[in-house]
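Here is a walk through a structure, taken one contact at a time. Keep the view open while you read.

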There are 2 protein chains.
Amino acid sequence: MSRHEAHRMLDVALEEARAGGAEGGIPIGAALFGPDGQLLGRGRNRRVQDDDASTHAETSAFRAAGRQRGYRGTTMVTTLSPCWYCSGLVRQFGITRLVVGECRTFQGQHEWLAANGVEVVLLDDPRCAALMTEFIHANPELWHEDIGED
Amino acid sequence: MSRHEAHRMLDVALEEARAGGAEGGIPIGAALFGPDGQLLGRGRNRRVQDDDASTHAETSAFRAAGRQRGYRGTTMVTTLSPCWYCSGLVRQFGITRLVVGECRTFQGQHEWLAANGVEVVLLDDPRCAALMTEFIHANPELWHEDIGED
């Protein structure tokens with residue numbers, strides 16, 4: 001995958017993240033793209049908006065894509081390195097590629113996915129990092145709740 | 001945790017699994033219990049019922065429990081050994097214990113969780129195994145879709 005294509009996909013996830021932040025939610029966004037680069041689903045963390053602990057951004061995009069017979073050739077893009085929950089989703093369903101906006105503000109499990117056969121493209125996008133840095137600074141308790149830290 | 005207590009919890013998950021099967025869905029159920037053994041949430045796989053690929057039984061029970069500040073001391077019980085997605089959920093949120101109804105019909109990641117500090121109680125419940133054996137035999141394509149196998 002080209003850098004240009006990865007950034008095109010990231011822009012969709014970033015739009016979701018910003019929309020979540022504007023709603024008072026946790027500003028993480030994601031999208032799932034098909035083998036030909038077509039958008040299958042997009043979504044954002046919905047903990048605050050829906051009072052739903054189970055909907056991280058990747059889950060939200062995966063749900064929005066609807067039932068699929070398989071995920072070969074698909075790409076999950078997320079503004080932030082995925083936690084164990086979302087990494088497990090990518091691994092279980094055999095999603096082929098993962099594009100990560102940044103891992104500065106949270107070191108998720110993208111390396112574990114790469115070690116297990118997922119093609120990982122790690123960007124270091126300053127817009128994604130700035131969004132999370134500001135959010136965590138202003139809402140440390142909410143952030144810790146979202147990643148299950150005491 | 002006593003065997004008796006594990007079975008008491010499993011019975012709740014099994015009720016969910018059977019209700020799912022009766023609805024024409026994938027018969028897997030789960031529940032989340034608090035540190036004092038109180039029920040926090042229960043749910044079942046909702047792929048068929050809600051056309052929702054993202055809601056495995058464990059996710060459903062986790063969502064039903066609502067937002068929690070932490071999961072220390074909690075127990076997730078599931079009728080079937082959890083896939084990577086649901087195992088990632090247990091690990092990310094620091095759920096203390098996992099009770100598994102059976103792993104004969106699907107070898108999930110309960111051993112990976114045990115190796116990573118989760119207290120795992122593996123039951124070998126014939127009711128859970130029979131439910132899945134019959135389901136998989138009658139609906140192989142739906143089952144493969146649910147676990148992302150081609």
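Six salt bridges link chain A and chain B. A salt bridge here is a side-chain nitrogen of Lys or Arg within 4 Å of a carboxyl oxygen of Asp or Glu. One salt bridge joins the side chains of B:R67 and A:E145, at 2.7 Å from N to O.

The model is predicted: local features need pLDDT of at least 70, side-chain atom pairs count only at pLDDT 80 or more, and totals for chains, interfaces and linings use all residues. Residues are numbered from 1 along each chain as its sequence is written, chains are lettered from A and ligands numbered from 1 in the order in which they are written, and side-chain values use heavy atoms, with hydrogens and water left out.

Polar contacts also cross the interface. The rule finds 13 residue pairs, both residues at pLDDT 80 or more. Such a contact is a pair of N or O atoms within 3.5 Å; within protein, one must be able to donate a hydrogen and the other to accept it, and residues adjacent in sequence count only if both atoms are side-chain atoms.

Which helices of chain A each supply at least two residues of the side that touches chain B? They are α2 (47-50), α3 (57-64), α4 (84-92) and α7 (140-146). Helices are DSSP runs (H or I, at least four residues), numbered from the N terminus. The largest share, six residues, comes from α4(A).

Now take the whole interface. The contact (heavy atoms within 4.5 Å) takes 37 residues from chain A and 37 residues from chain B. The two chains bury about 3,200 Å² between them, 52% of it on carbon and sulfur atoms. Buried area is the accessible area (1.4 Å probe) that two parts lose on being put together, summed over both. A:R67, A:R69 and A:Q92 supply 24% of the area that chain A buries against chain B, more than any other three residues.

How do the copies relate? A rotation of 180° with 0.0 Å of shift along its axis superposes chain A on chain B, with an RMSD of 0.0 Å. In chain A, the C-alpha of A:G88 is nearest the axis, 2.6 Å from it.

How values were computed
Least-squares fit on C-alpha atoms with pLDDT ≥ 70 in both.
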